[in-house]
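This briefing covers selected packing and pairing features of the structure shown below.

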Amino acid sequence: MTGPASTGPASTGPASTGPASTGAPRTGPRGRPRVFIVDDHGLFRAGVRSELGDRVEVIGEADDVEPAIAAISSCLPDVVLLDVHMPGGGGQAVVAAVKPVHPQVRFLALSASDAPEDVIAVVRAGARGYVTKTISGTDLVDAVHRVAAGDAVFSPRLAGFVLDAFAAQPAADAGRVSFDPELDQLTNREREVLRLIARGYTYKEIARELYISVKTVETHVSSVLRKLQLSTRHQLTRWAAERRLT
Amino acid sequence: MAWPGCGRDDGYVDEHTGPARERQAAPRDQPPWPPGGWHGGWHGQPSFRRHLSQRWGHGPLRRATGGRLAGGIAAAISERTGFDVTLVRIGLVVAALLSSGIALAAYVVAWLVVPAAGEETGIISRALTDRRGIGLAAGLASVLAMVLLIASVFGVGWFGSLAWPLVISVAGLVLIWRNATGDELAYLRTTAGTMIGEAEAGGWYRIMWRAIIAIALLGGGMAALLTGHRSSALLRPLGGEALVIAAFVVAFGPWWLHIARDLVVERQARARAEERADMASRVHDSVLQTLALIQRRADDPQRVVQLARAQERELRAWLFDGQAPGSLDEPGVTLAAGVRLIQQEVEAQHGTAVEAVTVGDCGLDDDLGALLAAAREATVNAAKWSGAPSVSLFAEVEPGEVSIFVRDRGQGFDPAAVPADRKGVAESIKARMARRGGSATVRSAPGEGTEVTLKMPRPPAARS
């Protein structure tokens, strides 16, 4: 399966659990998440639009960093589908500009390239997940719903990146005073979940495999995302730097 | 996925309780303590203590496979005790001279009994089942014993004292020669080859040297015999002795030759069988797969031509250039690159998307090459038979092992319902993994897709 680990529409449900900080309705009519697409290729935007169909409400699109920041800030979508690679700073710049001002806007990174350091950078900037552009329409819709609901979306590839980045012995960072095992290490269970995602399992299948609930799987994945975003492990930056070199 | 070409397999494997769980407990999770390490000193020289404990090592003694002259005993002793290997060798030679050969016999026995590094059992375990070798050793020992007996009858004391250690050594060496395996055998061949002058590259002066040594030995021996007994009458028993030896040679010679010839034939047969198995799985991987594909695409002439041409190219490359299909044999390919290669190949040939994810990376050896070949086969199977639009391929390199998971969400099959005589998984994947010490499990059920789990342990040397 190409797409993100997802449990299908039945278990995802309409996105209605977002923090109600703005007072404005978080979702469009019939519980459809409001989606904004940022990509510098018009053809790709059109493709995504048609693939998403009417299960989400596409409220706008942009082809560059500056217009995207302005448009997102004014229309405040639930989910921004964000191309990682764009001229003018890429998706990372959009997340960095919007996130502090409008924390309720969620980002889902989309990328055709597999450069791990860019993907990790966007996720660390605040995106709730990452899927490849080869994802199928249904999977993409599921991923959007999941992100709108405040969960994280890990594609097999992102799971692989994270496993790789956290794989090295923490001893390499042992000299640092600020090493925080809560934040700088994955638990065994989280690793198990990531491995299964990398092997192509959906959340539902992972839950069955590990005898836990789908909700628990989601909790593990969200916790991994949190670690990925907040950890200051040297390992992470060094790992990304090494990947850039090779 | 349904694999019509699948053979027997183990059916459901509960990975939840399987090795996957053990891997979770890998030492990655160790806390980073203590921050400064403990090199700081503690009675001055903790590293020396550790050095000692490493030097006196744990586990049983193993013969060294590198840096050896004969059996690798001296190298092993040197490694264990820390003395210089040359010193150990000199010590052994002195011991052999002082103990009138008993140390030599002890060395040969140790060679037989102590397993080589990386092996569990010594040569002796194979030698015990080698009836012909035992017969040969016994025959040779009996000849030698006879000669020594005759010599001692005539009171050649210095010769007689060497007798029994020599008999044991010769018998032991025969068993070693016949039952050594792999690298050790190759090493013995080359060493013995140069010593006997089997390699003709040395030219005439090597033959001359041998002649000179033989004449010198003969002269010395004759002189010793003649001076030991100042009576020309002894020449007659000596002649008798020579006759007895000649008789033994005539009697046992053909038998020895026969044994040697059998040995060669046996080894050739074994090599041929292995070659055949290898060839069968290669042909299955490439030619049979393509033929199956062509049958499925029979309505698309252009695609059929394209497939046939690609297969022809691959087959030619393999038959005439010795380049194996899949080209995973190229030097410098790492595991991650190999996985990418599989992804590209399957996507190009079968039009099925392959979601490849690798965690960690390492260079390829023969074992990991086999692992990749098995993974390729499993991926191709999934692309061909499962009906799923995409296949997940996940490879993870860990210090102790490398695992690859191939999963599809296709139609699946009932592993119990596959006829036992079908090729496919049975031979190509499982046997290939088993031959290299790895494992393969297939988990599938109708409608639930299929997952193939491949695991290959890594040798301690390759761990980083």
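How many of the 8 residues of helix α10 (residues 203-210) of chain A are buried? The model is a predicted one, and in it 6 of the 8 are buried, leaving α10(A) mostly covered.

**Helix α10 of chain A**

- The buried residues of α10(A) are A:Tyr203, A:Glu205, A:Ile206, A:Ala207, A:Glu209 and A:Leu210.
- Their cover draws on both chains: it includes α6, β6 (153-154), α9 (188-198) and α11 (214-230) of chain A, as well as β3 and β4 of chain B.

**Strand β4 of chain A**

- Strand β4 (residues 106-111) of chain A is largely enclosed by the rest of the structure, because 6 of its 6 residues are buried.
- In a regular strand, side chains alternate between the two faces of the sheet.
- Both faces of β4(A) are covered, with A:Arg106, A:Leu108 and A:Leu110 buried on one side and A:Phe107, A:Ala109 and A:Ser111 buried on the other.
- β4(A) pairs in the parallel sense with strand β3 (residues 79-83) of chain A over 5 bridges; here A:Phe107 is the bridge partner of A:Val80.
- β4(A) also runs parallel to strand β5 (residues 129-132) of chain A, joined by 3 bridges, and A:Ser111 has A:Thr132 as its bridge partner in β5(A).

**Nonpolar cores**

- The largest nonpolar core has 52 residues, of which A:Ile72, A:Val94, A:Phe107, A:Phe154 and A:Val162 touch the most other members.
- Helix α7 (residues 156-167) of chain A gives the most to this core, with 6 residues.
- Another core, of 32 residues, lies apart from the largest one and includes B:Ala356, B:Ala395, B:Phe413 and B:Leu454.
- Leaving aside neighbours within four places in sequence, the contacts of A:Phe107 include A:Ile72, A:Val80, A:Leu82, A:Val94 and A:Val147. Also among them are A:Lys99 and A:Arg128.

**Helices α2 and α6 of chain A**

- The axes of helix α2 (residues 42-52) of chain A and helix α6 (residues 137-148) of chain A come within 9 Å and cross at roughly 85 degrees.
- α2(A) and α6(A) are therefore roughly perpendicular to each other.
- On the α2(A) side, A:Val48, A:Glu51 and A:Leu52 take part; they meet A:Gly137, A:Leu140, A:Val141 and A:Val144 in α6(A).
- By type, the residues of this contact divide into 5 nonpolar, 1 polar and 1 charged.

**Sheet of chain B**

- Chain B holds an open sheet of 5 strands in the order β1-β2-β3-β5-β4, with mixed pairing.
- β1 (353-359) and β4 (439-444) of chain B are the edge strands, each pairing on one side only.
- Direction ignored, neighbouring strands of this sheet are turned by 10 degrees against each other on average.
- β1(B) and strand β2 (residues 390-397) of chain B run parallel and are joined by 7 bridges. B:Val357 stands opposite B:Phe394 in β2(B).
- α7(A) packs on the sheet, where it touches β1 and β2 of chain B, and its direction makes about 10 degrees with that of β1(B).
- Helix α14 (residues 335-350) of chain B packs on the sheet too, touching β1, β2 and β3 (401-408) of chain B; its direction makes about 175 degrees with that of β1(B).

Methods. Residues are numbered from 1 along each chain as its sequence is written. Chains are lettered from A and ligands numbered from 1 in the order in which they are written. This is a predicted model: local features need pLDDT of at least 70, side-chain atom pairs count only at pLDDT 80 or more; totals for chains, interfaces and linings use all residues. Side-chain values use heavy atoms; hydrogens and water are left out. Axes are lines fitted to C-alpha atoms, for helices over the stretch in contact, and angles run from 0 to 180 degrees between N-to-C directions. Helices (H or I, at least four residues) and strands (E, at least two) are DSSP runs, numbered from the N terminus. Angles under 35 degrees count as roughly parallel, over 145 as roughly antiparallel, 65 to 115 as roughly perpendicular and the rest as oblique. Contact means heavy atoms within 4.5 Å. Ala, Val, Leu, Ile, Met, Phe, Trp, Tyr, Cys and Pro count as nonpolar, Asp, Glu, Lys and Arg as charged, and the others, Gly among them, as polar. A nonpolar core is a set of buried Ala, Val, Leu, Ile, Met, Phe, Trp, Tyr and Cys residues joined through side-chain atoms within 4.5 Å. Buried means under 20% relative accessible area, exposed over 50%, partly exposed in between (1.4 Å probe, protein chains only). Two strands pair if DSSP finds at least two bridges between them.
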